[in-house]
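Here is a short briefing for a reader meeting this structure for the first time. Take a look at the model, then read on by topic.

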Amino acid sequence: MAIQVALSRQPKAPSSGVCRACGQAIEAARLQANPAAPTCCDCAAEAEAEHQRRRKLGGRG
């Protein structure tokens, strides 16, 4: 029982190969490099660029 509870608390790794941000297929090369990747390369790059913009402005994120 305790194992089932612990497993239910674990975050679910995306296994569908679909980007959670845009809904498009995640590139095969990205999934080979990181099978748990939640986003496609374009959305990951966009998120990273946004993160960098916020850091430059002194915001968190």
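A residue counts as exposed when its relative accessible area is over 50%, as buried when that area is under 20%, and as partly exposed in between. Ala25 has a relative accessible area of 59%, so Ala25 is exposed. The model is predicted. The chain has three helices and zero strands.

**Overall build**

- The order of elements from the N terminus is α-α-α.
- The chain has 61 residues, and 11% of them count as buried.
- Its accessible surface is about 5,100 Å². Carbon and sulfur atoms account for 55% of that surface.
- Take the contacts between residues at least 6 apart in sequence: 5% of them join residues at least 24 apart.

**Confidence**

- The mean pLDDT of the chain is 86. A value of 70 or more is reached by 84% of the residues.
- Helix H3 has the highest confidence, with a mean of 95.
- Helix H1 has the lowest, with a mean of 75.

- Where does Thr39 sit? Its place is the loop between helix H2 (28-33) and helix H3 (41-56).
- Is Thr39 buried or exposed? Its relative accessibility is 12%, so Thr39 counts as buried.
- Which residues does Thr39 contact, leaving aside neighbours within four places in sequence? They are Cys19, Arg20, Ala21, Ile26, Arg30 and Ala44.

**Ala25 and Ile26**

- Ala25 is in the loop between helix H1 (2-9) and H2. Ile26 also has its place in the loop between H1 and H2.
- Ala25 is exposed at 59%, whereas Ile26 is buried, with a relative accessible area of 7%.
- Ala25 touches Gly17 and Cys40, not counting residues up to four places away in sequence.
- Ile26, leaving aside neighbours within four places, is in contact with Gly17, Val18, Cys19, Leu31, Ala37, Pro38, Thr39 and Cys40.
- How far is Ile26 from Thr39? Their C-alpha atoms are separated by 6.5 Å, and the two residues are 13 apart along the chain.
- Ala25 and Thr39 are 14 residues apart along the chain. Their C-alpha atoms are separated by 8.8 Å.
- Ile26 and Thr39 are in contact.

**Cysteines**

- How many disulfides are there? The count comes to zero.
- Cys40 is in no disulfide. The nearest cysteine sulfur to that of Cys40 belongs to Cys43, 3.6 Å away.
- Cys40 is buried, with a relative accessible area of 5%.
- Cys43 is buried as well, because its relative accessible area is 16% and the limit is under 20%.

- The whole structure holds two salt bridges.
- Arg53 pairs with Glu50 in a salt bridge. The closest N and O atoms of this pair are 2.7 Å apart.
- Arg53 and Glu50 are three residues apart in helix H3, so about one helical turn separates them.
- Glu50 also forms a salt bridge with Arg54, and here the closest N and O atoms are 3.0 Å apart.
- Glu50 and Arg54 are four residues apart in helix H3, so about one helical turn lies between them.
- Salt bridges that share partners join Glu50, Arg53 and Arg54 into one network.
- How accessible are the members of this network? Glu50 counts as partly exposed, at 30% relative accessibility. Arg53 counts as partly exposed, at 44%. Arg54 counts as partly exposed, at 42%.

Terms used. Residues numbered from 1 in each chain as written. Predicted model: local features only at pLDDT ≥ 70, side-chain atom pairs only at ≥ 80, totals over all residues. Heavy atoms only, no water. Helix = DSSP H or I, 4+ residues; strand = E, 2+ residues; numbered from the N terminus. Buried < 20%, exposed > 50% of the residue type's maximum accessible area, 1.4 Å probe, protein only. Contact = heavy atoms within 4.5 Å. Areas by Shrake-Rupley, 256 points an atom, 1.4 Å probe, with all protein chains shown as cover. Disulfide = S-S within 2.5 Å. Salt bridge = Lys/Arg side-chain N within 4 Å of Asp/Glu carboxyl O. pLDDT = per-residue confidence, 0-100.
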